[in-house]
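Here is a short briefing for a reader new to this structure. It starts with one residue and then widens to the whole protein.

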Amino acid sequence: MKKNFINKNKKLYFILLLLILIIILMISCKKINILGPNNIPPPTDFRLPEDTIPGHIDVNPVPAKDGEVFGGFQRKFKYQGKWYVLADYMYDYDPKSKTLNRKAEDIILQIDNNGNIVVYDKDSKGYGYLLRMNVIEENRVLYEDSYYGTYSYSSSSFTTITCKGTENYHSFRTGITFNNEIQTSSDLINWTTEGSDDNVYKTFPSVSPNPNDSFQGTFGASSYKIAEFKDYIYLIGLAEDFNEQNPSGCRTTDLGPFTVSKNVYYRIDKNKDTAIGANWEKINTPWGQRSWLDIRYDKDKIYVTKGERVYYENDPSINKWTSKYEKFENDNTIWSSTDGVNWQVEPNSSAYDNANEIYSYSSSVGGDLPYIQNRIRTPEEPNWIKLDNGRYYKSDNSPYATYTINKKTYYVPIPPYEEIRKAYDSGQEYFTITEDHIKSAGLNQFLTKDKEPNKDEDWTVITPIDYTDKLMVWQSGGEKVMLNINNKAVQLVDYTQIEAMYNTIKEYSIVINDLRKTAKEFRDGTYWSDFANDYIKDVRIGMEYDARADMLELLKSNREYIMPDEAVTHYTVEFKY
């Protein structure tokens with residue numbers, strides 16, 4: 001019995017151990033994800049960190065066709081699947097004699113899918129419109145100026161002869177017009193006008209000797225503001241012509257001063273004919289005789305305040321009636337009305353402050369005028385590009401290629417930052433610029449990031465560590481003319497910058513002196529930084545400023561260094577990781 005009991009216990013122990021082993025295996029298997037295909041882990045991500053710089057940047061120059069090069073790049077845009085770049089000038093460049101001659105201006109460049117530049121149009125009559133063009137559609141481009149959708153006054157005038165035989169000029173407003181004019185083109189060269197800048201919205205009654213026929217009077221009102229509010233159009237702040245009270249155009253001194261600002265305003269139902277004077281209601285003002293009032297409105301009220309009283313006094317020194325102004329700028333009274341007839345002193349000045357203003361310095365027409373829909377503006381092409389690797393790139397040569405003194409911009413070659421940094425790290429405080437530094441001063445820096453850009457500070461600087469032997473000149477076109485052509489970055493060369501520096505390098509003493517001064521301040525700790533609100537001492541930055549000055553000194557003595565050794569229109573750039 002004892003033996004059987006032992007054997008039975010052994011079997012139980014064995015089964016128990018087997019169960020424990022199976023459970024352990026199940027748990028272990030689950031941990032290493034081998035229990036089913038749905039739990040297989042993703043492959044190990046061997047991608048380099050997002051801020052890793054490329055191991056190689058392949059830069060290839062594209063020779064200029066027949067020596068034709070360009071400069072003064074203004075903007076880039078895409079139309080019907082092709083890139084276009086606007087350039088101010090076209091040149092002939094001979095790299096042997098290093099001569100650069102302008103041959104045309106206002107150039108429209110087209111860049112094909114192979115990165116080749118084609119002169120689409122030169123001395124172009126469409127160039128100015130393209131500079132302002134703000135809407136790109138499928139089969140046309142167009143320009144809506146800032147006046148599109150705005151209202152203004154139409155006017156007329158006439159002259160009368162005074163009692164002294166002199167001529168008086170009188171102008172008056174004939175109505176309200178609106179602008180829906182656009183300039184449009186399907187080929188980027190030939191432009192046509194659509195719409196009009198003087199579409200009639202409302203017509204006013206003309207001048208009339210009968211005061212009931214027109215608020216214009218006999219000689220035309222000199223000023224007023226129009227406000228559309230709820231169901232009515234209001235004419236407020238009326239000032240009449242000098243002749244209205246002096247039909248002969250003359251006035252004797254014994255009659256004394258007189259006021260031309262009126263103490264009435266007018267309104268008309270929007271559905272009535274505004275050309276008929278009798279349709280306009282004449283209402284006394286609660287603010288007295290005032291013109292050029294400040295008028296605002298919101299959905300509930302119309303507000304009136306300030307203004308001035310215009311009157312005439314005789315100036316005995318010249319025996320002439322001259323206009324004078326009693327200003328109410330210190331009168332903070334605000335009148336408001338919900339119906340345009342019954343007015344009260346507005347107790348809540350913040351309501352007026354938050355209301356919509358009818359500006360006195362523009363057309364003086366405002367209120368709930370019918371809205372004229374603007375087209376959706378096509379965004380400007382960004383100064384960055386996105387390549388198929390999912391990364392974004394832009395050029396970083398623009399901030400380092402210019403130097404501004406007394407609001408004048410000078411082009412300055414880029415110093416060898418990396419070499420200067422290494423020299424500084426090794427304990428040196430001065431760096432020697434050589435001829436080779438001048439000739440290769442254009443090693444372009446690039447910026448990259450892995451998400452769509454929104455802040456400049458999020459970019460990672462790519463310091464080129466392995467260029468091809470074809471160097472980019474430092475006068476490359478800058479960040480605004482970097483394009484993505486067949487997944488390659490295209491960077492244009494700006495010969496206008498080259499021309500400007502070549503012609504002005506002898507004038508660069510002011511730049512060199514300023515660079516030397518700044519370098520000394522950084523070296524001895526007397527450079528004041530508004531950003532840091534303190535003095536800064538940084539010998540390395542001082543070395544960079546000195547290097548810039550040294551490069552300019554060499555360029556002044558050897559102007560041929562400024563001109564490229566080859567006639568190159570642009571470079572294609574490949575970032576290889």
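Leu188 is buried, with a relative accessible area of 0%. Buried means under 20% relative accessible area, exposed means over 50%, and partly exposed lies in between (1.4 Å probe, protein chains only). This is a predicted model, in which local features need pLDDT of at least 70 and side-chain atom pairs count only at pLDDT 80 or more, while totals for chains, interfaces and linings use all residues. Residues are numbered from 1 along each chain as its sequence is written, and side-chain values use heavy atoms, with hydrogens and water left out.

- Leu188 has a positive phi of about 75 degrees, although Leu188 is not a glycine.
- Leu188 sits in the loop between β10 (182-185) and β11.
- Trp292 is another residue other than glycine with a positive phi, near 50 degrees.
- Trp292 belongs to the loop between β17 (281-284) and β18 (294-297).
- Trp292 is partly exposed, at a relative accessible area of 35%.

**Overall make-up**

- The protein has nine helices and 36 strands. Helices (H or I, at least four residues) and strands (E, at least two) are DSSP runs, numbered from the N terminus.
- Of its 577 residues, 44% count as buried.
- The accessible surface comes to about 31600 Å², and 49% of that belongs to carbon and sulfur atoms. Accessible areas come from the Shrake-Rupley method with a 1.4 Å probe; for residues, only the protein chains shown count as cover.
- Among contacts with a separation of 6 or more, 62% link residues 24 or more positions apart. A contact means heavy atoms within 4.5 Å.

**Confidence**

- The mean pLDDT of the protein is 85, and 84% of its residues reach 70 or more. pLDDT is the predictor's confidence in each residue, from 0 to 100.
- Confidence is lowest in helix α1 (residues 2-31), at a mean of 43. It is highest in strand β15 (residues 258-259), at 98.
- Over residues 1-51, pLDDT stays under 50, and the model has ten contacts there beyond four places in sequence.
- Over residues 465-473, pLDDT also stays under 50, with 34 contacts beyond four places in sequence.

**The disulfide**

- A search of the whole structure finds one disulfide. A disulfide is a pair of cysteine sulfur atoms within 2.5 Å.
- Cys163 and Cys250 form it, with their sulfur atoms 1.8 Å apart.
- Cys163 lies in the loop between β8 (151-161) and β9 (167-178), and Cys250 in the loop between β14 (232-239) and β15, so the pair ties together parts that are 87 residues apart in sequence.
- The torsion about the S-S bond is about -120 degrees, so the disulfide is left-handed.
- Cys163 is exposed, at 51% relative accessible area. Cys250 counts as buried, at 18%.

**Nonpolar cores**

- The largest nonpolar core has 50 residues, and Tyr495, Val511, Leu552, Leu555 and Phe575 touch the most other members. A nonpolar core is a set of buried Ala, Val, Leu, Ile, Met, Phe, Trp, Tyr and Cys residues joined through side-chain atoms within 4.5 Å.
- Elements that give two or more residues to this core include β1 (56-63), α7 (495-504), α8 (509-524) and β36 (568-576).
- The largest share, eight residues, comes from α9.
- A second, separate core of 23 residues includes Tyr153, Phe178, Tyr266 and Val365.
- Leu555 touches Pro413, Ile438, Met501, Ile505, Tyr561 and Ile562, not counting residues up to four places away in sequence.

**Strand pairs and a sheet**

- Nine of the twelve residues of strand β2 (residues 68-79) are buried, so β2 is largely enclosed by the rest of the structure.
- β2 and strand β3 (residues 82-94) run antiparallel, joined by ten bridges. Two strands pair if DSSP finds at least two bridges between them.
- Gly71 stands opposite Tyr89 in β3.
- β2 and β3 form a hairpin with two residues between them, and Gln80 in the turn has a positive phi of about 50 degrees.
- β28 has a covered face, Tyr403 and Ile405, and an uncovered one, Thr402 and Thr404.
- Four bridges join β28 to the antiparallel strand β29 (residues 408-411).
- An open sheet of four strands has the order β6-β7-β10-β11, with antiparallel pairing.
- β6 (135-136) and β11 (192-194) stand at the edges, each with a single partner strand, so one side of each is left without a neighbour in the sheet.
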